[in-house]
Amino acid sequence: MISDAVITIVGSGATGLSLAHHLIDEASKHEPARRLTIYVVDGRRHPGRGMAYEVDVDTNLMNTRASVISPVADEPDRFWRWLQDSDEWRHEHAGIEVNERTFVPRPLFGLYLEHFFEETCRLALANDSRVIPVRAEATDIEVMPDGSVAVITSSSLSIRSDYVFLCCGSFPSTAHGTLSGNPGFHATP
């Protein structure tokens, strides 16, 4: 496959995955369709959860109702449809009853984002593009003489790209360092 563009997204949280999905979707609308190779670089084990939606406590709830959460701008009920159509989330969140007005646990939305990443990879393949997860930290970015950009990873991989997007999310707060490590204290959003 010869790509029309190589893109690297640093960060596989909600923003990075939403960007990858939108790029693939937009590329498929061109005639002829643009073929993209998108690298998603993140050291986390599960693409999608990011720091904001990782497994922590079920009492850490979303600040938006389940019926209007979505990583896709023109499909505001996408998460809600997944909750209704899929039972795969129930093993991790047994006993949770959801309806359109429910404020679900943040880790449940993180599980959905993992599913969304897989869906985005399938969408890419169906459109002669590809999304490649790279499980490593991005450690450096270099502009090359030809104008391309190299993203260097902790595993010494150098990814040459036409475009690089930094979707690094929220960093842990350092404002309350004396509380760090105490039960019930969370330094992340």
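Start by selecting D87: at 58% relative accessibility it counts as exposed, because exposed here means over 50% relative accessible area, buried under 20% and partly exposed in between (1.4 Å probe, protein chains only). Before moving on, note that this is a predicted model, where local features need pLDDT of at least 70, side-chain atom pairs count only at pLDDT 80 or more, and totals for chains, interfaces and linings use all residues. Residues are numbered from 1 along each chain as its sequence is written, and side-chain values use heavy atoms, with hydrogens and water left out.

Next, go to R81, partly exposed at 32%. R81 pairs with E75 at 2.8 Å, N to O, and with D77, where the closest N and O atoms are 2.7 Å apart. E75 is partly exposed at 24%, and so is D77 at 30%.

Last stop: N99, in the loop between α2 (78–85) and α3 (106–126); helices are DSSP runs of H or I, at least four residues, numbered from the N terminus. N99 is partly exposed at 43%. A polar atom of its side chain lies 2.7 Å from the backbone nitrogen of R101. Leaving aside neighbours within four places in sequence, N99 is in contact (heavy atoms within 4.5 Å) with A66 and W80.

How values were computed:
Helix = DSSP H or I, 4+ residues; strand = E, 2+ residues; numbered from the N terminus. Polar contact = N/O pair within 3.5 Å; in protein donor to acceptor, adjacent residues only side chain to side chain. Salt bridge = Lys/Arg side-chain N within 4 Å of Asp/Glu carboxyl O.
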